[in-house]
Structure formats: structure tokens, C-alpha cells
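Open the model in your viewer and keep the selection tool ready.

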Amino acid sequence: MNFIHKNGVQIISTGSCLPKVKVSNKDLSYIVGTSDDWITTRTGIQERRVISQDESLLSLSCEASLIAIKRAKLIPSDLDLIILATSTADDLFGTASKIQAEIEANNAAAFDITAACSGFLIAFITASQFLMTGAYKNILIVGADTLSKWVDWSDRKTCILFGDGAGAMIIQASNQYNNLIDFDIKTNGKKNHFLNINSLQNSTGITLSDLSMNKMSYDYISMNGQEVYKFAISQIPEIISNCLKSNKLTTDEVDWLLLHQANERILKTISEKLNISQSKVLKNLNLYGNTSAASIPIMLDEAISSKLIKTGDLIVMSGFGAGLTWGVALIRWQ
Ligand code: UT7
């Protein structure tokens with residue numbers, strides 16, 4: 001993709017926050033017809049975190065954000081913009097403004113982006129445009145989801161997959177560095193029905209001439225696992241290899257595959273199709289399951305904290321999920 005930019009995009013810091021309660025595969029076997037063996041073999045997930053009464057999407061997001069802000073040696077009032085990627089906002093009107101208030105980022109505009117498991121990638125690319133044009137200097141991006149509130153805990157096909165969490169990143173406009181080499185995002189709305197949280201119309205019993213007044217609520221997550229699986233292992237290798245090629249980069253030059261943590265088999269198949277060694281695939285889904293928009297920033301935060309990622313490394317970040325949406329960002333670490 002050719003884009004003109006005034007400034008480069010520099011990733012300054014990351015942070016993450018996970019709920020304190022762990023739910024193991026064995027725990028799940030007491031509530032649905034499943035087993036540790038089935039879940040581990042089919043998904044690679046061993047446990048996930050689930051929020052308790054005293055935790056929320058907002059509390060996890062604020063905690064992750066404050067860690068990232070501190071590590072960036074900034075104060076909240078330095079932020080110009082906050083973008084929250086989530087599909088499980090505490091408030092249907094959005095939760096980004098609540099983060100803004102809670103952390104006292106009084107100079108920041110704030111809004112949500114809903115793009116399921118591609119949400120963080122899309123928020124990162126969106127935020128980068130504001131930096132490249134010179135509109136803003138400091139942006140906080142948060143990827144957070146609490147899908148535990150939306151899964152049907154009696155549906156073994158979905159409840160075993162998801163976990164809650166939040167990850168944050170501070171990016172800054174720079175005239176010295178540019179970490180974002182290129183990106184691409186795609187959508188296929190014709191496959192939207194493969195992964196949804198559908199709305200439900202509930203009659204209030206109030207009518208006005210021909211109108212029957214309804215109140216909206218939402219159903220549980222519904223998913224065609226096999227179709228989502230096929231979509232991920234076909235589209236992700238393709239978008240990654242095309243993006244690398246158009247930047248005259250080869251898969252040999254890739255240091256890290258930072259993929260949405262959906263399923264270990266998906267990660268393995270994508271890396272095999274790209275001919276990228278398993279040792280370059282960043283993975284923590286065994287501990288947290290699929291945390292949707294939070295999975296990429298949590299993984300990145302852990303990889304940076306454990307000093308896996310080094311200056312000069314080429315990172316391929318790729319998200320995919322409901323929409324269906326998917327995308328890639330090529331990052332040169334500095
Ligand atoms: O962010 C994107 C989010 N979505 C995804 O990443 C989902 C992608 N898809 C997948 O990861 C996989 O399709 C699943 C892990 C969801 C399912 O794995 P699968 O290998 O596609 O299993 P399946 O749906 O074909 O089910 C195989 C069998 C079925 O039994 P029968 O019909 O063969 O007797 C299921 O009823 O496994 C059964 N099954 C289970 N058994 C024990 C399904 N879920 C479970 C379970 N425990 N939790």
C-alpha cells in the first residue's frame with residue numbers, strides 16, 4: 001500500500017491486565033461435556049481468565065493503559081487520543097470515554113472500534129493515520145474484551161475457547177523512526193453469519209398505532225467453528241505473503257509472527273503455509289485462551305517484557321475474526 005506520511009509511527013510502550021481468576025479445562029469439564037484432553041488437543045488452550053464481580057472491561061482497560069502510560073514516561077494528560085478496540089463494551093455507546101475519564105486523560109478525544117478479534121490491529125492502523133498526518137502526537141490504543149459475559153456456558157463448542165483480558169499500547173508521531181512498514185485490512189461481510197452475537201427484539205408490550213415498541217437485548221455468541229477455522233488458515237497466509245512481497249520482503253526475514261491467539265492448530269498451519277519456523281510464532285493462548293481484541297496486545301506486551309523482541313526485528317502482526325475481518329501490519333522494531 002502506498003501512503004504519504006508527514007511523520008513516522010513509533011511504538012513507545014505496552015501494558016496488559018488479566019483477571020485474577022483462572023478457569024482450567026478441568027474446571028470446564030464440570031459444567032459442560034468436555035475434557036482437558038479434547039480442549040488441549042483441538043485448541044492448545046489449558047486455561048483462561050474470567051472477570052469476577054470487582055473487575056470489568058473498564059477496570060482491565062484502565063490498568064493496562066496506566067502501565068503503558070507509565071512505561072512511556074508520559075502522564076495521562078499528554079494523550080491526544082484514546083482508541084478502544086472492543087466488542088464487549090460496558091456501555092453500548094462506548095467505553096473509551098469512560099477510560100478517558102477514569103485515567104484523567106483530560107486532553108484526549110476517545111472512541112471505540114468494534115471489529116472483534118481484528119479490533120486491535122484495525123485500531124493500531126487507524127491510530128497510525130492520525131500520527132502520520134501530523135494531527136496527533138500521543139495515542140493510547142487499548143484492545144480489551146470480556147467475552148465470558150457473552151458465551152453460552154452450556155455450549156461446549158464455544159465456551160472453551162474464550163477468555164477475558166486487556167492490552168494497551170502507546171504510539172507516538174516521530175520524525176526519526178517509523179515502526180509501521182505497511183498494512184492491509186480486508187472484510188468479507190458475506191461470511192458474517194459464521195461468527196456473531198446477534199441482537200434480539202423483545203416486545204415491551206407498548207404499541208403506538210401500527211408500531212410495537214421493542215427493547216433490544218443480545219443472544220449468546222454463535223459460531224461455525226469449522227468455517228472460521230478454514231477462513232483463518234486460507235486468508236491469513238495469503239494476506240501476509242502478499243504484504244511481505246509488495247514490500248520486497250521474504251518470509252525468511254520475518255523474526256516474529258504475532259497472530260491473534262485463536263487456536264494453536266490455526267497458528268501452526270498458518271506458519272507452516274508461510275514456511276516460517278514454529279519458534280518464531282509468539283504464543284500464550286495456552287494460558288489465556290482467545291481474548292479477542294486483547295490477544296495481540298497482551299502477547300506483544302509479554303514478548304517485550306521477556307525481551308524476546310529485539311531492535312531491528314521484523315514483526316508480522318495479524319488479526320482475524322468476526323465480520324469476517326482480517327488484516328496484517330508489518331512492524332520493524334526500534
Ligand atoms: O477469533 C476467532 C474465533 N474463532 C475461532 O478461532 C474458531 C476456529 N475454529 C476452531 O478453533 C475449531 O473449529 C474448534 C476448536 C471450535 C472445534 O474444533 P473442530 O476440530 O473443528 O471440532 P468439531 O466442531 O468438528 O467437532 C468435532 C467433535 C464433534 O463431535 P462429533 O459430532 O464428531 O461426535 C463435537 O460435538 O467434537 C465435539 N466437540 C467437543 N467435544 C468435547 C465440540 N466441542 C467439544 C468440546 N469437548 N469442547
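**Stop 1: a salt bridge across the chain**

Select Glu-55. Its relative accessibility is 14%, so Glu-55 counts as buried. Keep in mind that you are looking at a predicted model. Show both side chains: Lys-20 and Glu-55 meet in a salt bridge, 3.8 Å from N to O. The pair links distant parts of the chain, 35 residues apart. Lys-20 sits in the loop between S1 and strand S2 (21-24). Glu-55 sits in the loop between S3 and helix H3 (57-71).

**Stop 2**

How many salt bridges does the structure hold? There are eight. Select Asp-91 and Lys-98 for another one, with a distance of 3.7 Å from N to O. Asp-91 is partly exposed, at 25% relative accessible area. Lys-98 is partly exposed too, at 32%.

Go on to helix H6 and pick Glu-227 and Lys-230. Their closest N and O atoms are 3.2 Å apart, and the two form a salt bridge. Why are they separated by about one helical turn? Because Lys-230 and Glu-227 are three residues apart in helix H6. Check the surface here: Lys-230 is partly exposed at 46%, and Glu-227 is partly exposed at 25%.

**Stop 3**

Colour 8-177 as domain 1, and 181-194 + 220-333 as domain 2. Their C-alpha centres lie 16 Å apart. Look along the boundary: 44 residues of domain 1 are in contact with 39 residues of domain 2. The area buried between the domains is about 3,400 Å². Carbon and sulfur atoms give 66% of that area. Now select Cys-117, Leu-121 and Ile-125. They supply 17% of the area that domain 1 buries against domain 2, more than any other three residues.

What polar links cross this boundary? Between domain 1 and domain 2, the count is one salt bridge. The count of residue pairs in polar contact is 16. Several elements of domain 1 each supply at least two residues of the side that touches domain 2, including strand S1 (8-17), helix H5 (119-132) and strand S7 (164-174).

Select Asp-301 and Arg-71 as well. Their side chains meet in a salt bridge, 2.8 Å from N to O.

**Stop 4: the largest nonpolar core**

Hide the surface and select Ile-240, Leu-244, Leu-257, Ile-266, Val-316 and Phe-320. They have the most contacts inside the largest nonpolar core, which has 46 residues. Elements that give two or more residues to this core include strand S11 (256-259), helix H7 (264-274) and strand S12 (314-321). Which element gives the most? Helix H6 does, with 10 residues. Both domain 1 and domain 2 give residues to this core, so it lies between them.

Zoom in on Ile-240. Which residues does Ile-240 touch, not counting those up to four places away in sequence? They are Leu-257, Leu-259, Leu-274, Val-316, Ser-318 and Val-328.

**Last stop: another core**

Finally, select Phe-120, Ala-123, Leu-282 and Ala-329. They are among the 37 residues of another core, which lies apart from the largest one.

Note on methods. Residues numbered from 1 in each chain as written. Predicted model: local features only at pLDDT ≥ 70, side-chain atom pairs only at ≥ 80, totals over all residues. Heavy atoms only, no water. Core = buried A, V, L, I, M, F, W, Y, C linked by side-chain atoms within 4.5 Å. Buried < 20%, exposed > 50% of the residue type's maximum accessible area, 1.4 Å probe, protein only. Helix = DSSP H or I, 4+ residues; strand = E, 2+ residues; numbered from the N terminus. Domains from an automatic or database assignment. Contact = heavy atoms within 4.5 Å. Buried area = accessible area lost by both parts, 1.4 Å probe. Salt bridge = Lys/Arg side-chain N within 4 Å of Asp/Glu carboxyl O. Polar contact = N/O pair within 3.5 Å; in protein donor to acceptor, adjacent residues only side chain to side chain.
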